[in-house]
Amino acid sequence: MADQIPLRPVPRSAQRRAAYYSSAAAAQRHSRYQVEDESSHLDEMPLMMSEEGFENDESDYHTLPRARTSQRRRGLEWFICGGWKFLCTSCSDWLINICRRKKDLKARTVWLGCPEKCEEKYPKNAIKNQKYNFFTFIPGVLYEQFKFFLNLYFLIVSCSQFVPALKIGYLYTYWAPLGFVLTVTVVREAVDEFRRYKRDKEMNSQLYSKLTVRGKVQVKSSDIQVGDLIIVEKNQRIPSDMVFLRTSEKTGSCFIRTDQLDGETDWKLKVAVSCTQRLPALGDLFSINAYVYAQKPQLDIHSFEGTFTRVSSPRKYTFYFPLEYLSPTGSVDIVSDISMSFFPIFLPCNTSYRSNETCIAENVGLLDLELNQLTKALFLALVALSVVMVTLQGFVGPWYRNLFRFLLLFSYIIPISLRVNLDMGKAAYGWMIMKDDNIPGTVVRTSTIPEELGRLVYLLTDKTGTLTQNEMIFKRLHLGTVSYGTDTMDEIQSHIINSYSQVHSQNSGNSTSSTPSRKPQSSAPKVRKSVSSRIHEAVKAIALCHNVTPVYESRAGVSGETEYAEVDQDFSDENRTYQASSPDEVALVQWTESVGLTLVNRDLTSMQLKTPGGHILTYYILQIFPFTSESKRMGIIVRDESSGEITFYMKGADVAMSTIVQYNDWLEEECGNMAREGLRTLVVAKKSLTEEQYQDFENRYNQAKLSIHDRNLKVAAVVESLEREMELLCLTGVEDQLQADVRPTLEMLRNAGIKIWMLTGDKLETATCIAKSSHLVSRNQDIHIFRPVATRGEAHLELNAFRRKHDCALVISGDSLEVCLKYYEHEFVELACQCPAVVCCRCSPTQKAHIVKLLQHHTGKRTCAIGDGGNDVSMIQAADCGIGIEGKEGKQASLAADFSITQFKHIGRLLMVHGRNSYKRSAALGQFVMHRGLIISTMQAVFSSVFYFASVPLYQGFLMVGYATIYTMFPVFSLVLDQDVKPEMALLYPELYKDLTKGRSLSFKTFLIWVLISIYQGGILMYGALLLFESEFVHVVAISFTALILTELLMVALTIRTWHWLMVVAEFLSLGCYVASLAFLNEYFGIGRVSFGAFLDVAFITTVTFLWKVSAITVVSCLPLYILKYLKRKFSPPSYSKLTS
């Protein structure tokens, strides 16, 4: 119905806006065809993208400016401009889907303890993260390599050498480099695949206890079947989606942690199915005939529907159970000391968690894609040059054969060594990152994309465990007139000790009250209480108003085989741990323990507190109202056992409590002060009830709970009747401890031009608080909280309202995000990308990955995702660069990421220093290797032109191999040690990082500059050799090759910005190798295949004439470039030059 609401004109007045919402009823009266017209018209209607519409009262959505949409191309233009690529991709995806077609998932009926009764055969309970199997490994790896134009080109060139008419030189000159590249790649992939296999085997080999008719047996995780009865011990991971049947706890409840599912490390209550919990013993599970009907696996991990049916009872018993009875895969049981019985219904390949996972895509760096484009440009130049040579030759003889021979002669324009050098460079960058003492524990798991660290524009981060430690610490208690911090908690402790000592001294004389004697405040005039009395009331309220349960460990050696036996437990303070659904509540109860009031026991009906003097106070729990995201508060009604007083305690967010408590003039101001400090605030209040008041409330409350219609509304109305004029006791401030140096790291990333989005599965209030405390949102920025929307019309209005805000951070929930992306994807992403920071709360793993892909698709910028839990894996794998943190939530994110770090603060150095160096070095290395191939191809072109366009090679055999390896390899590869800015300077001035994202170090502009340099130097070297050595023309090969080697060594020196001692060693080593090899290369220094009797005349090359002429050619080829470099640095210095001077 809501989707059928027609959009009306949007005026400035509130009445007109209200009229818009009330038009839903009128929409129902429209005919079906009118509704379809409205809906289709709404689909074409863009969001308001300018201010004019808001200024004009009579504006209408029908006249709003259109959003920017690209004009659709048609026909041949579409095919040429990328249509062919789209068609190829679609066909390949279709074939892959045919080969990997998954079985459609559907609802299932599973019989208890009888896997053989299942209607269909379900797959194994095995986890598999491998990319290949035994048969697809070699084809898969080769496909990944040869889909790049560079490698495919060299494969074709190498194969052409088997044709005698096209053979130019020795086979090893072509196959050796290509074979080396493929060998390195295959070995690297094999190692990675073997590591994945070992990790999967470790997970699949975990042992669990399976309950059978003959007793317990140990089974591997991979051997668990749908319908088995599995016993899970304390702190064991739950291996699949299971129904919770029974536990050793009498209440049939336990707490589990779902950190691998939604990133939350707090505890969630799970309840056993009642009819199986009541069975006397575990073995009786086989005596009943029952089955579970479960809905098919859903993407939504926060909902589940199923029924448990017992057919063996006198009458058929059907029990509907929601998510509270389902324990999802990957969660941890952390309460039950003996054992719990589970019933698998979804194995890992079918679970909701696995439904949220995405296929692993091969990450390809942006620099590799840019080099691939440049390689295609070089290929076009190669073809053009070959056609020109054949044309000038006059198309005589078998010209097509000559064309292919020219293509092979000039093939060094695209150097195979480019792939080798870049792969070796990436391995070197990875080694440098792992050996950096400033970021210990960093692991490079994907060595192919270190340059991506220097090109990032968007950083998408998890909250829990990534920005925060998820450890809550009580920081502040404010009573209105006095405030206590961490350094004054001892004053509170002394007040509590004195207060309770007075109480018990009075009780020893007259045991009528367990509280300080004072008149009820309800009927008497208000009397200003003492500070000690107010502290006493506030601490008692905090110690009672919660959902925390104290848990004690069993003593060692106690067997857990007996059902419900009273186990021998240690009730000492050291053995006590607290468990609750929120870490905030645990922090509050731990604080009351530290000041003297300790929660020692709790069950469904009562709780016990221990005073500083060791006395036990018992309170009966009459009613409890749990916290919900709608109410933003929780309450409890308790009766003091000794005095019989009934008290209603409540705590909650300030926005919810400010209208409930009595008038005061300090609450709003102090809440703002604590929020600015990054503290999570809770307002605590109480109300004393008489027996008559409580009985009246209980009757109305029970009656409301029995209502059939509008039950939730009636219950809420009854509870709200109590929430009036409550006495404000105190304001608490709890800090979620941030990871070390999170604030300066986020500030550094912001200054570097990186936009940070926080994607979390946590609540909106918590996410907003952490965004403020971590300075993800700076103090002078406003926060726009996107209102919950459920329909297209609401999303339309809310997006227009958000568009009017400028320079403000956006906070949006996952549900609202889903609606916006469904109808207004382009507009929402465009608006969100303009925000300095974005916080998405209540996000599922699928939504996190979807947001990453949206940014990639709509912006074309490089994205990085960082997280520490299993729920972050999809996001990490979807990003261009994934970073995992080894934390409390396990190693799943760390193992799935490209880079693994131990602390969030390490990301600053990883990006600013190593990202910068990797990108700059690879850009220089790639362009220099291409220059090395272009210069020799230019010399070949000049040589062929002089010899009447003959397709004869200038340099043969070992000269070509040596030129690309021992003569120039070490100096060229030493560029991986070069750096333009010192690490300290890069961290001090993160603004330098902004230049990297523009991609100026490797672009068509810089590429054309290197092409011109290559043409100039190649022409000078060849024409200079022919001109100056006309009389010694027989030695032209030796002369030009010597000058070529010297020129390359000098060009490396020209390119280097910061010298390293290994660079100097590489220069002299290469020169020494060339000089030493001259004695063995006389057979290669002839012209073409005929040597003309030429040999290497040692006496000739040692003459002064030879030396000065070679030097002159080298100087003419290099000196102008040195002069140009000096002038450029003087008149147009780079941005970092002022910092390094």
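Leu1119 lies in helix α39, and that's a handy place to start on this predicted model. The chain runs to 1141 residues, with buried ones making up 52% of them.

**The chain overall**

- Take the contacts between residues at least 6 apart in sequence: 73% of these join residues at least 24 apart.

**Leu1119 and the nonpolar patch**

- Leu1119 has 46% relative accessibility, so it counts as partly exposed.
- Together with Leu1050, Val1115, Tyr1122, Ile1123, Leu1124, Tyr1126, Leu1127 and Phe1131, Leu1119 makes a nonpolar surface patch of about 890 Å².
- The biggest giver to this patch is helix α39, spanning residues 1104-1131, which puts in 8 residues.
- As background on helices, an α-helix has 3.6 residues a turn, so residues three or four places apart point the same way.

**The antiparallel sheet**

- Nine strands line up as β17-β16-β26-β25-β24-β23-β22-β21-β20 in an open sheet, with antiparallel pairing.
- β17 (483-484) and β20 (598-602) sit at the edges with a single partner strand each, so one side of each has no neighbour in the sheet.
- Inside the sheet, β22 (residues 616-625) and β23 (residues 633-640) run antiparallel and are joined by 6 bridges.
- Helix α16 (residues 531-544) lies across β16 (468-478), β17, β21 (606-610), β22, β23, β24 (646-652), β25 (680-689) and β26 (727-738). Against β26, helix α16 runs at about 60°.
- Helix α20 (residues 691-705) also lies on strands of this sheet, namely β22, β23, β24 and β25. Its angle to β22 is about 40°.

**The mixed sheet**

- Here the order is β14-β33-β32-β31-β15-β27-β30-β29-β28, again 9 strands in an open sheet, but the pairing is mixed.
- The edge strands are β14 (443-444) and β28 (782-785), each of which pairs on one side only.
- Strand β15 (residues 456-461) is mostly covered, with 6 of its 6 residues buried.
- On one pairing, β15 runs parallel to β31 (residues 862-867) through 5 bridges, and Leu456 stands opposite Arg862 in β31.
- On another, β15 runs parallel to β27 (residues 755-759) through 4 bridges, with Leu460 opposite Trp757 in β27.
- Further along, 4 bridges link the parallel strands β29 (residues 808-813) and β30 (residues 837-841), where Ser813 stands opposite Cys841.
- In general, strands of a sheet pair through backbone hydrogen bonds, either parallel or antiparallel.

**Buried spots in helices**

- Helix α6 (residues 137-146) has these buried residues: Phe137, Gly140, Val141, Glu144, Gln145 and Phe146.
- The cover over the buried residues of α6 includes α7 (149-160) and α8 (172-204).
- His906 is found in helix α30, which covers residues 906-946.
- With a relative accessible area of 5%, His906 is buried, because the cut-off for buried is under 20%.
- Setting aside neighbours within four places in sequence, His906 is in contact with Asn438, Ile439, Pro440, Thr442 and Ile901.

- For context, most residues other than glycine have a negative phi.
- Asp741 has a phi near 60°, a positive value in a residue other than glycine.
- You'll find Asp741 in the loop between β26 and α22 (742-751), and its 43% relative accessibility makes it partly exposed.
- Asp807 isn't a glycine either, yet its phi is positive at about 50°.
- The loop holding Asp807 runs between α24 (792-803) and β29.
- Asp807 is exposed, at 54% relative accessible area.

Conventions. Residues numbered from 1 in each chain as written. Predicted model: local features only at pLDDT ≥ 70, side-chain atom pairs only at ≥ 80, totals over all residues. Heavy atoms only, no water. Patch = residues over 30% accessible without salt bridge, like charges linked within 9 Å, V, L, I, M, F, W, Y side chains within 5 Å. Areas by Shrake-Rupley, 256 points an atom, 1.4 Å probe, with all protein chains shown as cover. Salt bridge = Lys/Arg side-chain N within 4 Å of Asp/Glu carboxyl O. Helix = DSSP H or I, 4+ residues; strand = E, 2+ residues; numbered from the N terminus. Buried < 20%, exposed > 50% of the residue type's maximum accessible area, 1.4 Å probe, protein only. Contact = heavy atoms within 4.5 Å. Pairing = 2+ DSSP bridges. Axes fitted to C-alpha atoms, helices over the stretch in contact; angles between N-to-C directions.
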